[in-house]
Amino acid sequence: MNFQFSPEQELIRKAAREFAEEVVRPRVQEMEEGQYILDDLFRLMGEVGFLGVLIPQEYGGTNLGTLGAVLVVEEISRISAALGTGLQVHCLGLLPVVKFATPACKEKYLPGLATGKYIATGSITEASGGSDPTTMSTVAVQDGDSWVINGRKCFITLNKTANTTWVTTCTKEGKRREFTTFFVDKSMEGYKEGRLENKTGMHGLDNGEVVFKNCRVPDTNVLLGVGRGLPVALTAIGRMGRMGMACAALGTIQASLEAAVKFANERVLYGRPIAYLQGVQFKIAEMAYLLETSRLLVYKAAWLTDQNMPDAELAPKVAMAKYVATQSAIKASDLAVEILGGYGVVREYNTERYLRDARMIWAAAGTGDIMQLTVAREALKLK
Amino acid sequence: MQPLQIAICVKPVPDPKESTQLQINPTTKTLVRKGIPLVINPMDRNALEAGVKLKEANGGKVTVFSMSPPEGELTMLETLALGADEAILLSDLIFAGGDTLATARVLAAGIKAQGNWDLVICGAESFDGGTAQVGAQLAVLLGTPWITRVSHLKRVDDKHLLVTVEDEVEQRELLVQLPVVLTVESVVNQARPLSLWGIVEARNKKITVYNADTLKLDQKGIGLDGSPTQTRDLFAPDASREAEILTGDSPQQIANQLLDKIGWSRKGAAN
C-alpha cells in the first residue's frame, strides 16, 4: 500500500489552495450575499485549468483524473463549499460528454467546457424526487434528425450559471419505459432556467429549475444511445456527483477544524487558552479523526474510480465515502460552532456558514439515507 | 532578437503565511522548518516570471538553479510548472549550513557547469534570511556586473536590457549590457498562478541533481565549515517603551526640559 500523493498530485493541491486563498477567499462574503456564482470565477478557474481537469488533453483539458478533481474541489471547498460544489457540478455535467458523446458533440463542446466558454450541469431530478428517476415526466420525441424535449427539472445546481446540461428524458412510454439522455445548450431554443431556490446554505451558488419547452436537440447530442439514458446519468452522479459532494464535505471539515483550532488557541479563559480544557480537546480530537477517516474513504473511492472499477461495484464505495464525509461535515462544523460559543453563530466567524453548507451537502447528489441504502444493498447482497 | 539563455536562482522558504509558526533552534540558531510547508521564495517567483516572460517574447531557455535538500525537488517541479524549461537541484549534505557566500559559490558552480548563459535573475532577498547578498556574491563569482533591486526590465536589443532601479531617493533607468546578474523586487511583475496546464507540461521537463562531486567544488568553501559568517546569537530586540509626561509652568519650560532630556544644548537658542 502507498498512502503518499505523487509530487504531481501535491502540486495540484498546491495550485488549488493558492487559487482558493488568493482568488476565492476575498470573494466569499460577496458570494454569501448573492444567489449566483460571481461572473468571473468560472472564467478564472478555466484559466488555471480546473474546469478541464476531467477533459482529455486532445480536447484542451488537463485530464488529471478523479483524484486530481477531488484535490481541487476539496481545496476550493475549504474556502467556499459553494464554489467547490459549483466546480464539481460542472465536472458532473461534462463527464458524460467525455465518456458517451458522439465525436461531433465532443469536438463542439469539450474545448469550451475546458476554458469556461461552456459551463455544464446535469438535469435529472424532478419535483417528484431524484432518487427514483424512472418516474420522471420529462419527455423527448423524435422528429426527423432531431428530438423535441418538454419537461421541467428541479434542484438543478448552476441552473442559471450553466449554459449547457445533460438532461435525462423518457423516450418510450409503456410497461418498460425507456430513457435517453441528451446534451443541450442554451443557444437551443426552449431551454431556459426557471425558479431559483432560496437555500439555507451554499449561498452564492444558484440552484433551481430548468425548463424545456419544445426544445429541439440534434441527434448528434444523444449521449451513449437512445434508450440508454439512465446509465449516463448514474455514471455522472456516481463517478463525480457524489464524489464531488464528498470533497465539498472534506473542505468543510478542514475549514471547521482550522477555525476551531485557531479560536481554541487564542481565546483565554481562566488564565490560559481554552485549548488546555479537556472538553475542548476532546472536540478537537473528534474533528481531527472525522477529517482523517473521511479523507481515507474519499481518496480511496477516487482512486478506485481512476482504476476504472465498474459502476456497479464502485457505487457502494462512493456512497460510503459520501455518507461518512457528509455526516462528518455536519458533526465537525457543529463542534466548531460549539467551540466558538457565541462567536460560533456570528457570521464573520464563518463556522455557522460551514454548518449551513454541511446540511446542503448531505442532501445533494442523493441524501445520506440513499447512500445508506446503496451501502446496505451491497452488504446484504440484495439484487 | 537572439534567444537568451536565462538562469534563475530559487530558494525554497517556509510559507510566509505560516510565519507566526516559525521558531529558532536555540542551539544552532537556525530556523526550525519542520511542519511548515515550503514555498518558492516570493521574490524568486518574480525572478522566474521575469525570465519566462523574456523567453516567451524572444525564445531561449530558462533554467532554474536551487541549492536545497532533496525535498526541494517538489519546488523544482513547481518551477517547471511555472514555465521554466529545466531545473537543476544542487543538493549535497555537505552544502548544509552554508552562509550566503557558500551558497553563492554552489550556485555559481551549478550555473557554470550547465554551460552558456546570458542573464542570471535572482529575487532581491529571501523571505527567511533577508540578507540580499547572494545575487551580488554570485555576480562577483561569475565575473559579471550586477544590478540590484530592479523594478522594471525590458530587452532592447540582442545585447542590452533597459532596467529601472529605485531606492529611497531616486529612480534610475540603466542600459545594461549582457551578460549580467539582476536581482528583482516583487513589483517587477505579477507572477503567474500555478496552473494545472503548467503541471501537465512539467511532465516532459527535466530535473537534474548535482552534488559537490559533480560540481568539483573545493569543500573548504562550502557548507557550514566553509562559511565566513557564523550566527553567534539570535534574539528579538527589546522593544519595550516608557512614556513620561513633562509638566511645567509654561510651554517654554516644558520645551527646555525636553531639550535637556535629549541632550541638546540650549546655548545660543532664542529665549
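Trainee: Which residues of the largest nonpolar core touch the most other members?
Mentor: Phe50(A) and Val184(A), out of 162 residues in that core. Helix H7 (residues 229-266) of chain A gives the most to this core, with 18 residues. This is a predicted model: local features need pLDDT of at least 70, side-chain atom pairs count only at pLDDT 80 or more, and totals for chains, interfaces and linings use all residues. Residues are numbered from 1 along each chain as its sequence is written, chains are lettered from A and ligands numbered from 1 in the order written, and side-chain values use heavy atoms, leaving out hydrogens and water.

Trainee: Why are H5(A) and H6(A) called roughly antiparallel?
Mentor: Angles over 145 degrees count as roughly antiparallel. Helix H5 (residues 81-100) and helix H6 (residues 103-115) of chain A pack at about 150 degrees, with axes 10 Å apart. They are therefore roughly antiparallel.

Trainee: Why is Met202(A) called buried?
Mentor: Buried means under 20% relative accessible area, exposed over 50%, and partly exposed in between (1.4 Å probe, protein chains only). Met202(A) has 3%, so it is buried. Met202(A) also has a positive phi of about 50 degrees, although it is not a glycine.

Trainee: What makes Leu224(A) partly exposed?
Mentor: Its relative accessible area is 28%, so Leu224(A) is partly exposed. Leu224(A) has a positive phi too, of about 70 degrees.

Trainee: Which residues does a cis peptide bond join in chain B?
Mentor: Leu178(B) and Pro179(B), with omega about 0 degrees.

Key
Axes are lines fitted to C-alpha atoms, for helices over the stretch in contact, and angles run from 0 to 180 degrees between N-to-C directions. Helices (H or I, at least four residues) and strands (E, at least two) are DSSP runs, numbered from the N terminus. Angles under 35 degrees count as roughly parallel, over 145 as roughly antiparallel, 65 to 115 as roughly perpendicular and the rest as oblique. A nonpolar core is a set of buried Ala, Val, Leu, Ile, Met, Phe, Trp, Tyr and Cys residues joined through side-chain atoms within 4.5 Å.
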